[in-house]
Amino acid sequence: MPDMNTAKRESGLADDEPIPDPRLDRDILRQHMNVRDICVLILTILAVFYSLYFTSAIILPFVFALVLNLLMITPMRLLHHKLRLPRHLAAFLLIVVMFGIVGGIATTISVPAAAWLSKASQTLPALQSKLAVLHAPIDAVQNSYARLSAMFSGHHVHTSTALSGQIGSDSALSKLGSSVLAGTREVVSGFFTMLLMLFFLMTDGDTLLRRLVEIMPTFADKRRIVEMSSQIEQNVSLYLVTITLMNLLVGLANMVQCWATGMPNPLLWGVLAFLLNYIPIIGPLTGVVVYFIVGLFSFPSLLYALVPPSIYLLIHFLEGETITPMLLARRFTLNPVFVMGSLLFWDWMWGISGAFLSVPMLAVFKIVCDHIETLAPLGHVLGGPPRRRTLSTIAVQFQTDP
């Protein structure tokens, strides 16, 4: 057995240097590996978000198709299993019906919407006279902001002349027209891409899932994929169907209240309420502002213009705070903090389309976390059925635990 000096000479160490502990080297290496893995994970997440941001024209139609496929599961099974229609024919009929409904509603509301846009410039003087009581506070806020900007920037804030405003408005109108045309072309292209993708998901989605299960290496992985897909199908489709039905009732209720209060084109504002209710929090608040502006254009007094948005807000509170949570609380709940964070993030990432998709994508992410062991704590934080436990009972439990 070699002595200590022989071991030091073989390792290349001096006589007065201690021999390093090999376990310490492994611990240091393991620590560096953990830091490296965390850095790689952060860079991977940033790369994924970067790709999602710049490939939105390709990704968004696919994500919309996935969400609509979950919404079409029940009518697809009704046509295919109950009525014995071929899968391709059933998918084609559902897409034609959906396209007809969307096209009919768009055609119906396009004429009054265009009329409102053309009438807005003519009624601006009357609107300014109705808001005369707010001129003084608004001017005070603008003057204070101008003084603060001049104080911090070190120079005075100059106002633009009428001529430059006119030139700028002409160039702005030309830019707005070109951007609207380009945006319309992108929307139409994305819509038909989404319909094509939806057709293949409705016809061959089960085959794709079966192939994915077949390539899983173990039986536990196969069962996990099946359970995950079935839970996504049940919970997210239930959420989408419930939210769609409630939004339809909200749209009908607002259409009735617009007709009762005397607002013109109640169908237009009912459809707007139906669409905005898909966006949590921000959508209803936007609807209140829009109803107030329309009331200012439609009614002679400022007090009467507050009636439609007040009724709109009451309808939203009844639906969003009472009826819908009561219907969904037993099956599927999400933490409101993460719902708002997801809404803001995807609205920044993909705009209004991301705001529409934020809650379904968060629901799918929660289900995926619940079925992956390392992500299960995150799934628990994202949401779940409420537990009837107070802080006192939790404290008692911690005191009694050994």
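The protein chain has an average pLDDT of 74, and 69% of its residues score at least 70. This is a predicted model, so confidence comes before detail. Among the elements of the chain, helix 10 (residues 266-276) has the highest mean pLDDT, 89. Helix 17 (residues 391-400) has the lowest, 42. Residues 20-25 fall below 50, and beyond near neighbours in sequence this stretch has one contact in the model. Residues 172-183 also stay under 50. For them the model has zero contacts beyond four places in sequence. Where pLDDT is low, the predicted coordinates should not be read in detail.

Now turn to helix 15 (residues 352-370) and its meeting with helix 3 (residues 56-71). Their axes come within 11 Å and cross at roughly 45°. The two helices are therefore oblique to each other. Helix 3 passes helix 15 in a left-handed crossing. Helix 3 brings Leu60, Val63, Phe64 and Val67 to the contact. Helix 15 brings Ser353, Leu357, Pro360 and Met361. By class, seven of these residues are nonpolar, one is polar and none is charged.

Helix 9 (residues 219-261) meets helix 15 too. Here the axes come within 10 Å and cross at roughly 150°. An angle over 145 degrees counts as roughly antiparallel, so helix 9 and helix 15 are roughly antiparallel to each other. The crossing of helix 9 with helix 15 is right-handed. From helix 9 come Met228, Gln231, Ile232, Asn235, Val236, Tyr239 and Leu240. They meet Val359, Pro360, Ala363, Val364, Ile367 and Val368 of helix 15. This contact has 11 nonpolar residues, two polar and no charged ones. Pro360 of helix 15 takes part in the contact with helix 3 and in the contact with helix 9.

Terms used
Residues numbered from 1 in each chain as written. Predicted model: local features only at pLDDT ≥ 70, side-chain atom pairs only at ≥ 80, totals over all residues. Heavy atoms only, no water. Axes fitted to C-alpha atoms, helices over the stretch in contact; angles between N-to-C directions. Helix = DSSP H or I, 4+ residues; strand = E, 2+ residues; numbered from the N terminus. Parallel < 35°, antiparallel > 145°, perpendicular 65-115°, else oblique. Left-handed = near helix turned anticlockwise from the far one by under 90°. Contact = heavy atoms within 4.5 Å. Nonpolar A, V, L, I, M, F, W, Y, C, P; charged D, E, K, R; others polar. pLDDT = per-residue confidence, 0-100.
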